[in-house]
Amino acid sequence: MADVNALVSKLSSLGFNDPPVEHAAAENVQQWADILTGAAGLPPNYVLTKSLIFKPKQPKSESIAPVVVIAANESETSPKAIGAELKLKDLRFASDEVLKDIFQTAKGSVSPFALAQVPQEHVGNVRVVIDKSLLDNADTLIAFHPLVNTRTVFITGETLQSYIRSIDGLDKVTVMDFAAQSAASSTAAAAKKPAAAKPAAAPKVEEATGASLLGVTASKEGDFPKWYNQVLTRSEMLDYYDVSGCYIVRPLGYFVWQQIQEFFDAGIRSLGVRNCYFPMFVSSRVLEREKDHIEGFAPEVAWVTKAGSKDLEEPLAIRPTSETVMYPYFAKWIRSYRDLPLKINQWCSVVRWEFKNPQPFLRTREFLWQEGHCAHFTKDEAMTEVHDILALYRRVYEELLAVPVIEGVKSEKEKFAGGVATTTVEGFIPTTGRGIQGGTSHYLGQNFSKMFNVVVEDPESTEAERPKIHVHQTSWGLSTRTIGVMVMIHGDDKGLVLPPRVAETQVIIIPCGLTVKSSDEDRRRIADACLNAEARLKMAGVRAESDLRENYTPGFKYSHWEVRGVPLRLEIGPKDLDKQSVLSVRRDNADKASMALDSLEESVKMMLINIQDTMLAKARATLDSRVKLVLKWEDFVPTLNSKCLTLIPWCEREECEDQIKDRSSRDSLGDEPEDEKAPSMGAKSLCLPFKQPENPAIVPGETKCIQCGENAKRYALFGRSY
Ligand code: 86X
């Protein structure tokens, strides 16, 4: 029944080659853990898993629809929560018959690999739930029994996912955050935990919602994913939600988005772009009108199939992007060259039902963005716009978010397949050494106008039968991912650090130096001084607030506003007032300075500008030091492993890009010395930067591609990426 060899060869076809570890029979998880402890050939970090098979309550007439749950052994996998997530009633453990008939397996031998044994007629009914914690940490391998309990395989979350994806017809896969679930249901218990207790290996359950926990306890360098979650939730930028991959953007986070909107909206308006709004629903006919562009994305499209309990006559897709929604109307609205250029933009949310592990702001199933779509008479005009928009994206990152980016054009492999050329701004997350796409502006050429028949008459032609000319189109998008990048770059171990331009509160004023002995009059004097400073700053256009709450110490208030990233704190005490000054403390570098009250407005404004500039300069210095010119292949992977991006002379061939990815993923590193923590991910091309290195410059016909040895065309930015 259990064909272990078939499984091992299946895994090896997915690029996974480590043989199983052999051991004594493990009858239960405790035994399994004990047996593995001290066994040879184990990876440094791994988690044991459990695989459970449930079945919902369903009418006898229906075919059985089992639910396979693959979870970390420690995760709390309550059938009730799983049922709620999948909208299934009364989940129960599946009977022995179900195990035998559908999974060809018996109790105690259930594993994800039983999924491959499901007969074709049942596969479509099987749902799989994967514990998010198994996919979150690339450094931790997942331990399974490969159908027998005398062996253990260790695979990555990615291998697990590609294994599941490789099973034909199995497409109901949900990633579920059990840690968040149990944290939510045990916040009361967590609240009672003494704040000082910082366990060396904090249990996973502690992190996800943490409503009652105030400060950031994880360190940015030590546990970056956990740090990121804590910064977002404890600053109250964002909260988790009970639909996996969807998050709540709270006012502090939404304020940042609104600042971006305000800036960008003014920018495009002066380029002549007008805002509009198209419906979020797309019929399948319209969505699929442009087959090639949709093809690879189809699994990500979410559909509405019901109203109440009635099936819709025709299922409706929720827009993943709006090309197919808008372009039929371009065809309708554009008749003459006099109707050009048509330049529109919409601010909206889109839905892409991704199965890669979600990350707040960076990869979410619903996200906010703007999408601009324009039609021009000439290519030149379209190209100018593509670059104008890209410049606005760069300015959003640099001027608002204090995040430096690298501008360039995508390789053929990485560009938007529906278009002709994709320009991009690429960011960099120093803590992980990974690049991140920040926003894209596409020249679509005439590809879409040919498909959707967006044409004008040739104004030059005098003939009666005027030939039609297809318009040149552009599209461009920027999303709330911007916010995640900003948080990852500037945040520190105390929490969020906001650049002043996007901070809801730029200055927090805190009374201090008062003791139990202070007189009421002193208290009033200080409070009045705070309120006065606040009013003056507000008048001067500074977003200032005072925190006059009575039951909190100044120290508590300092941390409160530090976690929330407020760029500047003003402390006002009796001694300061005597000197007619205040003490300012910067969030970005903790610098303290005394400020004279009489020129408070100017000093604060200058300080905020200085903070904004310092944050960008610091991030740029880091970026510059971590983008390395690599001129021979031997240096490529070590440079990536030292958390850097690379600039390499490159041939620009897609085949070579594939080879670079292969040769830089951990699996293929073979016996090269390798850091255990090195990410397994291969490197991609991020862009061909507009600003090319000049020393040494590429010599056409002479400089060779460092990977394949063919002639190099340009320097390309390569790196591991999000
Ligand atoms: C590509 C292209 C383009 C307008 C932008 O990058 C900026 C704003 N759109 C978007 N893309 C898809 O076309 C797409 C399509 C479907 Cl059906 C999907 F499910 C996901 C997609 N993701 C990206």
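Biologist: In this predicted model, how are helix 11 and helix 17 oriented relative to each other?

Modeller: Start with the angle between the two axes. Angles of 65 to 115 degrees count as roughly perpendicular. Here helix 11 (residues 251–270) and helix 17 (residues 481–490) pack at about 115°, and their axes are 10 Å apart. The two helices are therefore roughly perpendicular to each other. Their crossing is right-handed.

Biologist: Which residues of helix 11 and helix 17 meet?

Modeller: From helix 11 come G253, V256, W257 and I260, and their partners in helix 17 are T482, I483 and M486.

Biologist: Now another helix, please. Which residues of helix 23 are buried?

Modeller: In helix 23 (residues 654–663) they are C656, E657 and I660. To see how they are arranged, look down the helix axis: the buried residues of helix 23 fall within an arc of 105°, so they line one face of the helix.

Biologist: And what covers the buried residues of helix 23?

Modeller: The cover includes helix 22 (636–641) along with strand 29 (645–650), strand 30 (684–689) and strand 31 (714–719).

Methods:
Residues are numbered from 1 along each chain as its sequence is written. This is a predicted model: local features need pLDDT of at least 70, side-chain atom pairs count only at pLDDT 80 or more; totals for chains, interfaces and linings use all residues. Side-chain values use heavy atoms; hydrogens and water are left out. Axes are lines fitted to C-alpha atoms, for helices over the stretch in contact, and angles run from 0 to 180 degrees between N-to-C directions. Helices (H or I, at least four residues) and strands (E, at least two) are DSSP runs, numbered from the N terminus. Angles under 35 degrees count as roughly parallel, over 145 as roughly antiparallel, 65 to 115 as roughly perpendicular and the rest as oblique. A crossing is left-handed if the near helix is turned anticlockwise from the far one by less than a right angle, and right-handed if clockwise. Contact means heavy atoms within 4.5 Å. Buried means under 20% relative accessible area, exposed over 50%, partly exposed in between (1.4 Å probe, protein chains only). The arc is that of the directions from the helix axis to the C-beta atoms.
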